[in-house]
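Hi,

My notes on it follow below.

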Amino acid sequence: MPPRRTRSGSAPAASSGTTTRFFQRHSNVYAYVPNIIGYARVLLAAAALRLAFDDVPTSLALYAMSFVCDELDGRFARMFDQCSEFGKLLDMVTDRLATTGLLMVVSREYPNWFFTCVSLVALDIGSHWLQMYAQILRNKSSHKDVDEGSFFILRLYYTNRIFMGACCVGAEVLYLAAHAATDPRILAIAGPLAGALPAKVLVPLPAGLGWGKELGVECSSALAQLALVALPFWAVKQAANVAQLVTSCEALVAHDFPKRKRA
């Protein structure tokens, strides 16, 4: 007669099975590991924005942690086969809202930048929404699934994860540097290239951007040097947003063309 299994002996096996299923694809999408990371990311971003005007260093740390979660959720989704439509939308909506919140913080800290910040928010949300809607009409599985005929910058942006990541990080770093510069303690930290760069650089800008005729950048601080490194990647990301805005509008017009032709 086989030995009887005790309650204490059977518990570890049940726990092990539950743990194994947790790290596999299962029916409770809300409890997927990447989605749980996504919830944590939302809370971290909300806390960062809540403390933005009271405790800049803590705000920066919380936002940086939220940004790291943006990288982790995708990795765990692929690792555990827990990709889901809910997770995709959670990730994209959190991306847009977190960046929008950060730009609103920057617009309050730098009132002259208000129109620029609002324009960046409109471009970011508008281009992604139109891109996603256009891809749905074309039966694409993701807004990142671009055609070969799309703009080169857009194809490179969505097909090269390293390039896309560098552009996204560059944009966020630029906004965070502007936010960090409101703290005199952080702004006073000297950069490693303080002696090699001119003390101040004047960047000419169109008056319509809301900055005035020129933007002065103090190059001696670590924040300014970090911002100068991030600036080209930020510019490429905005170019990709414009490209996907144009491409998605063309796709929507092309979708309507057969209807006009039949009419």
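**Salt bridges and the rest**

With a relative accessibility of 5%, D183 counts as buried, because the cut-off for buried is under 20%. D183 pairs with R185 in a salt bridge whose closest N and O atoms are 2.8 Å apart. R185, in contrast, is exposed at 61% relative accessibility. Keep in mind that this is a predicted model.

Searching the whole structure turns up nine salt bridges. Another one joins K237 and D124, with 3.6 Å between the closest N and O atoms. That pair ties together distant parts of the chain, since K237 sits in helix α9 (residues 222-262) and D124 in helix α5 (residues 114-137), 113 residues apart. Both K237 and D124 are buried. Then there is D54 with R50, at 3.4 Å from N to O. Here D54 is exposed at 59%, and R50 is exposed with a relative accessible area of 59%. There is also a salt-bridge network linking R41, D70, D91 and D95.

R41 is among the buried residues of α2, along with others including I37, L44 and A48.

As for the overall picture, the protein has nine helices and two strands, in the order α-α-α-α-α-α-α-α-β-β-α from the N terminus. Of its 263 residues, 36% are buried. The accessible surface is about 15500 Å², with 68% of that belonging to carbon and sulfur atoms.

Cheers

Conventions. Residues are numbered from 1 along each chain as its sequence is written. This is a predicted model: local features need pLDDT of at least 70, side-chain atom pairs count only at pLDDT 80 or more; totals for chains, interfaces and linings use all residues. Side-chain values use heavy atoms; hydrogens and water are left out. Helices (H or I, at least four residues) and strands (E, at least two) are DSSP runs, numbered from the N terminus. Buried means under 20% relative accessible area, exposed over 50%, partly exposed in between (1.4 Å probe, protein chains only). Accessible areas come from the Shrake-Rupley method with a 1.4 Å probe; for residues, only the protein chains shown count as cover. A salt bridge is a side-chain nitrogen of Lys or Arg within 4 Å of a carboxyl oxygen of Asp or Glu.
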